[in-house]
Amino acid sequence: MKFDIALLPGDGVGAEVIEEGVKVLQEVGRRFRHDFEYHRGLVGGAAIDAKGVSLPEDVPALCKRCDAVLFGAVGGPKWDNPGASVRPEQAILGLRKALTLYANLRPVQVYPMLENATNLKPEAIRGVDLVIIRELTGGIYFGQPQKRWTSARGRQAVDTLRYSEKEIDRVVRTGFELARQRRKQLTSVDKANVLDSSRLWRQVTTELSAEYPDVRLEHVLVDTAAMRLIRDPRSFDVVVTENMFGDILTDEASVLGGSMGMMASASLGGATSALGNRRRSRRMGLYEPIHGSAPDIAGQNKANPIGMIRSVSLMLRYSCNLLKEADAVEAAVASALACGDRTADIAVKGERTLGTREMGDSIVRALAAAK
Ligand code: IPM
Ligand code: MG
């Protein structure tokens with residue numbers, strides 16, 4: 001089959017890791033006889049430098065013509081002036097909105113061979129396998145008014161946390177659908193003891209649960225959820241939550257998996273029913289590692305490409321409906337790790353480390369060698 005893939009490397013290590021993702025995709029194409037055609041676009045600081053805006057107009061249009069988007073990272077000290085009206089981050093926020101990518105899936109798994117890669121106790125994280133679904137196009141990130149002004153009382157600023165029932169319904173449905181394919185447990189995270197938007201969230205979620213009697217639903221307050229993620233992470237299967245809670249909880253959860261560099265994400269639009277289900281169609285999606293542009297190590301061949309490569313696997317699963325291929329990529333990552341291959345972020349003292357390209361090569365070799 002043929003697929004059109006938009007490639008948006010962005011800034012910092014984004015460009016380095018996306019090349020490793022493409023290498024893996026090429027090997028998938030060779031082994032399984034698919035044809036991936038790439039369409040490159042400029043975003044973030046790179047686009048600010050070239051065109052004066054972080055998300056040039058042609059980029060959302062390019063993405064819409066493609067089957068899926070691979071995204072590197074945006075941002076860096078060069079564009080970090082808090083007073084600037086043009087910021088690299090506007091690229092990813094603008095794309096999420098322009099493509100209506102309302103459900104952001106961030107899986108967290110602990111590979112047995114990386115149990116020692118975090119400073120948490122191995123027995124506390126062993127066997128963790130959860131997915132956080134973060135609402136991505138609403139909430140305090142996008143609510144209006146959002147502004148700063150100066151009054152007689154000095155400088156002031158406001159952000160607005162707004163949700164409509166429809167926005168809650170579609171992302172929570174994605175949660176129920178995914179839970180149904182897994183261990184059938186959905187944790188909805190909110191702050192219903194304080195926020196009205198959370199009380200609406202809880203109400204809509206409870207109403208929806210009538211359509212999913214086979215899924216166990218629990219409501220957990222976000223502060224408790226933050227604690228339970230560290231104390232008892234195995235107690236989660238699928239977690240669904242609003243935009244900013246999800247932003248914070250997924251960085252926290254990434255520690256369980258050894259390193260931010262390991263974490264992949266899928267930002268999905270389209271119909272909730274098409275969730276990697278064999279019989280259903282493909283779903284528009286943007287796939288990116290969650291680590292960001294990491295300016296401190298950019299250009300040094302040090303970044304861990306696994307977050308990007310696992311994002312490629314998510315893309316194969318959700319946007320291309322190539323489930324065998326997605327599994328093969330995951331298996332190749334596990335096999336490279338099992339051979340002892342490590343980038344610096346997941347190596348423990350004394351372990352030999354590989355660069356970005358060498359880690360990518362190792363995963364490509366594992367993929368080529370697999371039966
Ligand atoms: C993320 C990032 C972004 C976000 C930034 C870069 C705008 O932190 O994808 O988690 O806050 O959504
Ligand atoms: Mg974040």
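This is a predicted model: local features need pLDDT of at least 70, side-chain atom pairs count only at pLDDT 80 or more; totals for chains, interfaces and linings use all residues.

Where the domains are in contact, 16 residues come from domain 1 and 19 residues from domain 2.

How is the size of such an interface expressed? It is often given as the accessible area lost when the parts come together. Between domain 1 and domain 2 the buried area is about 1,600 Å², and carbon and sulfur atoms give 66% of that area. On the side of domain 1 that touches domain 2, the elements that give two or more residues are helix H4, which spans residues 89-98, and strand E4, which spans residues 103-109. Sorted by class, that side of domain 1 has 9 nonpolar residues, with 4 polar and 3 charged residues besides. As for specific pairings across the interface, the count of salt bridges between the two domains is 0, whereas 3 residue pairs are found in polar contact, with both residues of each pair at pLDDT 80 or more.

The next stop is the ligand. Which residues surround ligand 1? They are Glu89, Arg96, Arg106, Arg134, Tyr141 and Asp247. For several of these residues a distance can be given: an oxygen atom of ligand 1 is 2.7 Å from an N or O atom in the side chain of Arg134, and for the side chain of Arg106 the corresponding distance is 2.9 Å. The side chain of Asp247 also has an N or O atom 2.9 Å from an oxygen atom of ligand 1.

Two places in the backbone remain. Gln144 and Pro145 are joined by a cis peptide bond, with omega at about 0 degrees, and Pro145 has its place in strand E6, which covers residues 143-151. Arg33, although it is not a glycine, has a positive phi of about 60 degrees; Arg33 is found in the loop between helix H1 (14-32) and strand E2 (35-40).

Key: Residues are numbered from 1 along each chain as its sequence is written. Chains are lettered from A and ligands numbered from 1 in the order in which they are written. Side-chain values use heavy atoms; hydrogens and water are left out. Contact means heavy atoms within 4.5 Å. Buried area is the accessible area (1.4 Å probe) that two parts lose on being put together, summed over both. A salt bridge is a side-chain nitrogen of Lys or Arg within 4 Å of a carboxyl oxygen of Asp or Glu. A polar contact is a pair of N or O atoms within 3.5 Å; within protein, one must be able to donate a hydrogen and the other to accept it, and residues adjacent in sequence count only if both atoms are side-chain atoms. Helices (H or I, at least four residues) and strands (E, at least two) are DSSP runs, numbered from the N terminus. Ala, Val, Leu, Ile, Met, Phe, Trp, Tyr, Cys and Pro count as nonpolar, Asp, Glu, Lys and Arg as charged, and the others, Gly among them, as polar. A residue is near a molecule or strand if one of its heavy atoms lies within 4 Å of it.
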